[in-house]
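This report covers chain contacts and strand pairing in one model. The sequence and the structure come first, and the description follows.

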4 protein chains.
Amino acid sequence: MKNSFGDSIIITLFGESHGEMIGAVVDGLCPGIEIDDGFIAKKLSQRKAAGSLSTKRREKDEYRIVSGVFNGKTTGTPLCILIENGDTKSSDYEKTVGLLRPSHADYTAECKYHGFQDFRGGGHFSGRITAPLVAAGAIALKMLEKKGVVIATHIKRMGDITDRDFGEVSADAEVLSNDSFPVLNGEAKEKMISLINEAAQKGDSVGGVLESVVHGVPCGVGEPWFDTVEGCLSHILFSIPAIKGVEFGAGFGFANMKGSQANDAFAVRDGKVTTLTNNNGGINGGITNGEDIVFRCAVKPTPSIFKQQDTVDLNTMENAKLSIKGRHDPAVIHRARAVVDSVTALCLADLLAQRFGTDYFTE
Amino acid sequence: MKNSFGDSIIITLFGESHGEMIGAVVDGLCPGIEIDDGFIAKKLSQRKAAGSLSTKRREKDEYRIVSGVFNGKTTGTPLCILIENGDTKSSDYEKTVGLLRPSHADYTAECKYHGFQDFRGGGHFSGRITAPLVAAGAIALKMLEKKGVVIATHIKRMGDITDRDFGEVSADAEVLSNDSFPVLNGEAKEKMISLINEAAQKGDSVGGVLESVVHGVPCGVGEPWFDTVEGCLSHILFSIPAIKGVEFGAGFGFANMKGSQANDAFAVRDGKVTTLTNNNGGINGGITNGEDIVFRCAVKPTPSIFKQQDTVDLNTMENAKLSIKGRHDPAVIHRARAVVDSVTALCLADLLAQRFGTDYFTE
Amino acid sequence: MKNSFGDSIIITLFGESHGEMIGAVVDGLCPGIEIDDGFIAKKLSQRKAAGSLSTKRREKDEYRIVSGVFNGKTTGTPLCILIENGDTKSSDYEKTVGLLRPSHADYTAECKYHGFQDFRGGGHFSGRITAPLVAAGAIALKMLEKKGVVIATHIKRMGDITDRDFGEVSADAEVLSNDSFPVLNGEAKEKMISLINEAAQKGDSVGGVLESVVHGVPCGVGEPWFDTVEGCLSHILFSIPAIKGVEFGAGFGFANMKGSQANDAFAVRDGKVTTLTNNNGGINGGITNGEDIVFRCAVKPTPSIFKQQDTVDLNTMENAKLSIKGRHDPAVIHRARAVVDSVTALCLADLLAQRFGTDYFTE
Amino acid sequence: MKNSFGDSIIITLFGESHGEMIGAVVDGLCPGIEIDDGFIAKKLSQRKAAGSLSTKRREKDEYRIVSGVFNGKTTGTPLCILIENGDTKSSDYEKTVGLLRPSHADYTAECKYHGFQDFRGGGHFSGRITAPLVAAGAIALKMLEKKGVVIATHIKRMGDITDRDFGEVSADAEVLSNDSFPVLNGEAKEKMISLINEAAQKGDSVGGVLESVVHGVPCGVGEPWFDTVEGCLSHILFSIPAIKGVEFGAGFGFANMKGSQANDAFAVRDGKVTTLTNNNGGINGGITNGEDIVFRCAVKPTPSIFKQQDTVDLNTMENAKLSIKGRHDPAVIHRARAVVDSVTALCLADLLAQRFGTDYFTE
């Protein structure tokens with residue numbers, strides 16, 4: 001039980017929202033990988049998604065890589081990314097210490113850490129900790145890209161508003177990569193933004209569904225039992241705050257299908273084995289089959305809302321009312337996109353390095 | 001990347017469907033746990049679910065525990081469970097070698113193992129391998145029971161047929177435990193059985209959704225990043241063949257909710273902190289909050305159907321038609337119930353032993 | 001904390017000396033490796049080393065591989081080796097239950113397992129558990145051999161009797177492989193055997209030092225911190241009962257050296273970088289340098305001696321006298337040779353598969 | 001294969017000697033542990049051991065703990081320690097790039113990292129990386145101290161000069177803790193210092209043997225196979241640069257003993273089971289028996305000597321001469337003491353937290 005993930009390429013996260021620094025150590029990166037600062041900044045910017053839809057906290061997100069890089073390339077030794085915390089308004093939190101924020105980790109942190117946790121701004125549970133995770137993931141995304149692996153994520157659904165399906169992956173990936181609100185269909189996009197704004201005006205928040213596609217992973221990666229690709233991906237995806245469901249291919253839709261509809265028939269195309277449909281989301285028996293890996297994540301509405309809520313005051317152990325102040329998002333789903341891309345890249349880079357050796361990504 | 005799961009209590013599976021034996025090693029079990037053979041047999045019987053709805057293969061499932069038990073109790077050293085394979089009709093498979101069964105692992109096994117895999121009956125990918133997994137899980141279920149933890153699973157949905165919600169967990173658990181087709185509402189149960197029989201008559205199969213509840217896990221178990229309870233549970237759940245989606249609490253339903261609906265307000269009850277709703281399924285920030293852990297698994301229709309299917313013959317690398325013969329289930333969801341219970345128990349026993357030490361379950 | 005070892009190729013041991021079966025599961029073996037039963041039998045025979053110097057227990061050591069092998073080759077899925085326990089005289093042990101055998105694990109087992117351990121014949125602590133370990137190691141030794149890696153171990157020292165140094169590794173390996181008492185110098189061998197016989201006549205036992213050489217491991221394997229080659233090898237070596245010291249290269253001899261004597265100067269030979277001496281035993285900074293890996297293991301005298309010993313009776317918690325009966329060895333060092341070879345092979349195969357991928361050993 | 005160690009309390013090291021920062025992340029620390037900055041500084045000072053015997057590099061060793069601590073106590077979330085690199089003279093190294101330093105990791109780094117490694121000052125292989133390791137270990141030492149566990153290390157031998165044996169552990173520990181050159185016997189200490197000075201004058205260096213004792217670890221910690229206490233301790237000890245041998249209890253001395261001399265007889269003392277001798281160094285069958293854990297580490301002479309050495313120039317692949325310049329130690333054994341204490345504390349704290357749960361050290 002630990003704050004690390006991976007067997008060959010391993011990420012460890014540290015830091016608290018209002019502490020001195022947050023960061024990540026990535027161990028096992030193949031040597032010789034070029035660090036693309038512009039791309040890291042781009043993914044961090046997707047995660048921050050500044051604008052009217054997002055938190056007013058001005059995070060600088062100025063990361064520093066203090067180890068594991070020499071002359072602009074990975075050395076192969078552990079890479080440490082640091083981000084300093086600035087613009088923290090801890091006083092917002094001091095006032096409400098003891099008042100448990102519903103659907104946040106305040107109460108579970110208390111149970112686990114017996115009151116020693118840093119409660120300010122969610123501490124180690126804060127969504128802010130995803131910043132170094134995204135920076136690390138950006139490195140993995142670039143590694144995969146050089147191996148022909150493309151990852152893209154869009155908001156598939158918000159309430160009853162649905163985005164179109166993925167088409168040609170590379171083209172869609174390009175479009176999404178340049179949009180801070182990743183929706184493919186323009187009309188759906190406008191409606192979703194309206195939905196968020198409406199919720200914001202009422203001091204409320206919204207959830208949704210993210211859909212991801214991974215193109216270009218070779219077949220034969222993953223294990224039949226326990227370390228299936230689904231198991232490994234879901235393991236890391238569920239550590240993204242707000243994600244409460246993960247499904248692959250047809251997922252929960254399988255409940256309404258017959259085997260004859262659900263099965264992905266095989267066919268030869270260009271001398272290679274392919275499937276005519278992809279209801280299994282690119283994975284059979286826990287192992288990649290060379291088709292696109294497709295999955296969706298359920299994102300719960302941001303728990304920090306401005307509407308008054310019923311809660312408990314831990315200091316008095318009595319029922320109480322809570323009105324959250326501070327800077328909070330009416331939606332995080334568009335920001336979570338960058339985190340989903342990042343953890344997916346880290347997980348797949350790890351699986352590939354286990355499968356093909358620690359020089360696999362060395363250029 | 002491996003065929004093991006767990007950090008403190010670790011299970012490793014081995015064996016092939018038509019090999020000599022299948023089995024499991026469970027390491028890290030606390031010493032002094034009584035082995036309840038009747039209960040293990042009961043869970044194995046739930047998994048086998050003999051009857052008109054299930055495979056005609058007559059598995060004896062006569063397990064032997066050959067190590068780690070002395071005088072009827074665990075010793076604390078690795079426990080090995082063995083089950084011999086009998087009644088295998090390998091000839092059924094020999095005929096179709098090279099014809100990839102759609103949505104099975106035949107092709108991915110070929111990619112990963114380069115033709116050295118034991119292809120007979122799905123080999124190591126066979127659902128049969130869940131028999132020792134269920135036997136091991138039955139030991140974990142009993143360990144948890146003595147600590148006041150109850151686990152129950154029912155078929156929540158099949159097509160458009162929906163079972164009622166869980167009520168009082170202990171009572172529902174008792175009912176489900178004595179039913180080989182675990183549905184709480186009698187009418188829904190009959191309809192689901194009819195649906196399976198209809199599919200069977202057409203040489204087809206059905207999928208569905210399993211819903212599980214875990215009552216009595218203390219708060220404060222799990223980690224904020226990576227080893228969240230959702231992450232650990234989904235990791236092991238996805239290794240059950242046919243499971244393609246996992247959601248906790250409101251899960252994908254969150255996409256239609258506002259924060260003010262989704263948040264679980266806190267209240268004091270009997271001097272303890274509780275929540276008024278349980279949309280988060282008993283987990284906040286990756287850590288248990290003391291409420292029931294609730295999750296659902298999407299189960300895809302059995303891929304072995306008797307309808308003719310399009311496929312590829314690996315020997316000729318040409319398109320081909322496949323008509324599966326042999327003994328196969330039109331539905332596995334009712335049998336998968338026992339596997340879900342088992343892996344849930346193994347995962348939670350592991351998390352509890354990590355949290356509270358290796359003597360936690362010693363009586 | 002577990003009874004498994006390895007990251008990519010993982011071995012798990014189970015079983016008790018007087019239980020039904022003992023065995024091992026080896027996960028992560030590359031597919032397509034030929035199982036050489038003759039070689040496995042040979043290594044098991046080295047471990048058994050029947051004869052006047054060894055235990056009178058007649059172990060049949062008839063292993064069965066019940067999974068992970070198909071058509072004589074590994075499938076790539078977990079391989080399970082089983083050995084049945086026969087000829088157990090549990091009654092020898094029943095009589096002395098409660099009388100702690102000095103320098104055995106009776107007392108520590110009691111502390112750890114609270115009386116639930118299988119005490120008969122040392123239970124899970126018995127040297128007998130090394131039989132499946134040696135069988136597994138024999139598979140790894142063959143895998144390495146095909147990659148040009150040769151492992152050999154001899155008794156370097158017993159009391160004041162010293163064997164000659166290793167010469168040409170392949171030739172010495174060949175000689176040792178055919179000798180159940182692995183000593184290179186004939187005179188030293190005779191003296192050591194005499195020493196054991198003398199001790200045996202007095203109801204006593206002897207210890208010694210094993211020296212191993214590994215030829216042919218490519219450079220660049222291992223990690224700078226924590227998972228150094230020395231760290232990984234010593235980790236698994238120390239789990240061999242009786243081993244209480246491990247040194248690499250000059251080892252404890254470094255204490256009498258100056259840097260100018262200790263340093264291994266580099267030189268170009270046949271266009272490759274080599275060292276003129278090998279005081280570092282083939283490892284610099286935790287990583288292989290391409291020279292022979294050389295290490296020595298201290299083996300303590302067999303704790304089961306027939307001389308009367310002072311001890312404690314756990315039942316009465318009073319001082320007591322113990323006279324061990326049964327079948328015991330005056331020396332285990334020559335038998336431990338096969339175990340050292342085996343765990344060395346497992347460890348290095350694991351490091352190589354991590355480094356070069358899971359197909360590295362596939363032929 | 002990774003730069004981390006531990007299962008419940010896990011340390012990860014990062015950084016290069018001449019990079020921006022070096023550091024460590026410690027995950028799994030129980031919440032509520034007071035950070036004793038004075039003690040951390042003291043252990044860092046032991047490691048630095050400034051003075052005529054040590055490197056001239058002026059490391060400030062000003063560490064910052066940037067996460068995992070709140071109000072002076074651990075929170076239970078990952079703790080990150082950072083140390084900035086100052087006073088680096090990279091130019092000393094630039095000049096000799098390509099000239100492999102004998103018995104350093106220059107060549108193995110090249111093999112593993114294909115030229116992408118940061119070669120300056122040994123990069124990630126530098127002894128400097130032990131600074132954050134010692135800081136982390138100091139926290140573990142304090143945790144253990146509150147549980148009654150005392151760890152002490154002295155220089156047992158250097159050349160033919162031998163320190164006296166440990167007497168009463170607490171008293172000796174106190175003495176050693178206040179001495180930057182940890183030798184118990186005054187005369188032996190003077191002789192050792194003279195030996196080092198003599199070597200230094202000749203541009204040479206010396207090795208030696210460190211001996212450690214751990215008092216107060218409860219019995220029943222460790223595993224019979226693979227994760228033995230000896231295996232875990234040696235694993236982490238061998239990652240200390242310069243350590244090439246580890247022995248427990250009588251260690252290599254067992255080769256000259258008979259079983260009747262080697263066995264540790266049991267006796268009842270104050271109602272508890274104890275042993276009359278401690279040749280097994282507090283560990284039987286891989287598990288602690290409650291006696292003092294005793295072990296010795298072989299330390300090789302510092303490889304950086306000023307005498308001219310034979311080597312290879314990687315740029316030309318020709319034989320060459322190397323005269324090392326810069327700031328180097330004629331001995332590191334007295335400095336390594338602090339590192340041995342630290343890794344021992346980290347390993348035992350991990351084993352105890354695994355055994356007794358993650359709240360074991362919470363005050």
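## Strand pairing and chain contacts

In chain D, β1 pairs with strand β2 (residues 10–15) in the antiparallel sense, over two bridges. Within this pairing, D:F5 has D:I11 in β2(D) as its bridge partner. The model is predicted.

Both strands belong to an open sheet of chain D, in which five strands follow the order β1-β2-β3-β7-β4 with antiparallel pairing. The edges of this sheet are β1 (4–5) and β4 (63–67) of chain D, each of which pairs on one side only.

| Strand pair | Bridges | Residues facing each other |
|---|---|---|
| β1(D) and β2(D) | two bridges | D:F5 and D:I11 |

The next topic is the contacts between chains. Chains A and B each bring 96 residues to their contact. On the side of chain A that touches chain B, 45 residues are nonpolar, 35 are polar and 16 are charged.

Chain B also touches chain D, with eight residues taken from each of the two chains. The side of chain D in this contact consists of two nonpolar, four polar and two charged residues.

Conventions. Residues numbered from 1 in each chain as written. Chains lettered and ligands numbered in written order. Predicted model: local features only at pLDDT ≥ 70, side-chain atom pairs only at ≥ 80, totals over all residues. Contact = placed C-beta atoms within 7 Å. Nonpolar A, V, L, I, M, F, W, Y, C, P; charged D, E, K, R; others polar. Pairing = 2+ DSSP bridges. Helix = DSSP H or I, 4+ residues; strand = E, 2+ residues; numbered from the N terminus.
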